[in-house]
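Reader: I have not worked with this structure before. Could you take me through it?
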Amino acid sequence: MQPIAPDLSPALNDREFEFHPRDFARVRALIYERAGISLHEGKQAMVYSRLSRRLRETGHQSFESYLRWLESHTGSEWQEFVNCLTTNLTSFFREEHHFHALAEWLKARGSTPTRIWCCAASTGEEPYSLAITVAESLGLHAPVKILCSDIDTNVLTTASRAVYTADARGLSPQRLRNFFLRGKGANEGSIRVKPELARMVEFRPFNLMQTSWQLGEPFDIVFCRNVMIYFDGPTQRKVLERIHGVMKPKGLLFVGHSENFTDSRDLFHLRGKTVYDRV
């Protein structure tokens with residue numbers, strides 16, 4: 001998937017739904033259990049705003065009622081709960097130095113088959129940035145497969161559509177020409193990833209907290225950027241151990257600019273700016 005005292009002001013009485021500190025504590029426990037996300041006290045307003053939509057949709061009049069129902073629920077509402085509380089901030093070629101490093105690595109590797117995993121695909125900008133980097137380095141028919149996953153099924157739907165606004169951040173005019181189709185008529189102002197590029201990418205829902213990681217052959221490259229910042233220390237370590245287990249030795253792990261895993265030197269060795277070698 002950014003401390004303020006608990007909001008106990010009279011403004012609570014003006015809210016549409018009852019939302020007490022005990023409700024927030026339950027939300028924190030449930031999202032930690034389900035997704036590993038650690039919410040601090042300053043997230044109360046965010047939780048209220050996002051989950052209020054689910055109360056309206058499900059017909060509940062208070063968070064207590066909704067949460068009691070959720071905890072006894074076995075259907076799709078759990079996915080909606082998780083979707084509401086995940087954060088998706090992304091753009092094309094975000095932290096651009098990573099893509100330069102990937103391009104150099106791919107060119108040195110040449111025609112060797114390669115598997116890449118993007119752990120937090122969000123709405124698709126990062127996966128398609130990876131695919132563009134592959135195409136520019138080795139061509140559209142390079143033997144590279146990119147698996148892209150996210151816990152949020154809503155953003156994966158957007159990613160699979162591969163449609164964005166024409167002024168999307170991070171795309172140069174040349175890349176727009178080479179890798180996107182411009183919408184016409186009712187679709188003017190939109191762009192779509194060209195099919196030959198989109199074929200390089202596979203999307204699937206995946207929860208990093210699940211114990212069974214059936215992801216196929218080991219990966220040469222893993223992009224897990226700005227995900228660990230939402231986990232506490234023990235959860236970070238657990239996820240790093242599992243990522244280590246699905247990578248090839250000497251594979252590369254790319255992480256976010258504010259993430260540092262030097263305490264896990266037995267798993268990953270710092271190679272460059274927020275890039276690690278798998279030990």
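This is a predicted model: local features need pLDDT of at least 70, side-chain atom pairs count only at pLDDT 80 or more; totals for chains, interfaces and linings use all residues.

Reader: How many helices and strands does the protein have?
Author: The protein has ten helices and ten strands. Its radius of gyration is 21 Å, close to the 19 Å that the globule rule gives for 279 residues, so the protein is as compact as a globular protein of that length.

Reader: What box do the C-alpha atoms fill?
Author: Taken along the principal axes, the box is roughly 60 × 55 × 35 Å.

Reader: And what share of the residues is buried?
Author: Buried residues account for 49% of the 279 in the protein.

Reader: Let us turn to helix α2. What does it reach from its first C-alpha to its last?
Author: Helix α2 covers residues 44–58, which is 15 residues, and reaches 21 Å, close to the 21 Å expected at 1.5 Å a residue.

Reader: Where is the kink in α2 centred?
Author: The kink is centred on Leu51 and amounts to about 30 degrees. Leu51 is also one of the buried residues of α2.

Reader: Which other residues of α2 are buried?
Author: Among them are Met46, Val47, Tyr48, Arg50, Arg54 and Leu55. The elements that cover the buried residues of α2 include α1 (21–35), α3 (63–71) and α4 (77–85).

Reader: What comes just after α2?
Author: Gly59 follows there, with a positive phi of about 80 degrees.

Reader: Now the sheet, please. What is the order of the three strands in the open sheet?
Author: The order is β3-β5-β4, and the pairing is antiparallel. The edge strands, each pairing on one side only, are β3 (163–165) and β4 (180–182). On average, neighbouring strands of this sheet are turned by 35 degrees against each other, direction ignored.

Reader: How many bridges join β4 to β5?
Author: Three bridges join β4 to β5 (residues 190–193), and the two strands run antiparallel. Phe180, which is found in β4, has Val193 of β5 as its bridge partner.

Reader: Is Phe180 buried or exposed?
Author: Phe180 has a relative accessible area of 4%, so it is buried.

Reader: Which residues is Phe180 in contact with, leaving aside neighbours within four places in sequence?
Author: Phe180 is in contact with Phe92, Ile132, Leu171, Arg175, Ile191, Arg192, Val193 and Lys194.

Reader: How far apart are Phe180 and Thr274?
Author: They are 94 residues apart in sequence and 29 Å apart in space, C-alpha to C-alpha.

Terms used. Residues are numbered from 1 along each chain as its sequence is written. Side-chain values use heavy atoms; hydrogens and water are left out. Two strands pair if DSSP finds at least two bridges between them. Helices (H or I, at least four residues) and strands (E, at least two) are DSSP runs, numbered from the N terminus. Axes are lines fitted to C-alpha atoms, for helices over the stretch in contact, and angles run from 0 to 180 degrees between N-to-C directions. Buried means under 20% relative accessible area, exposed over 50%, partly exposed in between (1.4 Å probe, protein chains only). Contact means heavy atoms within 4.5 Å. The expected span of a helix is 1.5 Å times one less than its number of residues. The bend at a residue is the angle between axes fitted to the seven residues ending there and the seven starting there. The radius of gyration is taken over C-alpha atoms; the globule rule is 2.2 Å times the number of residues to the power 0.38.
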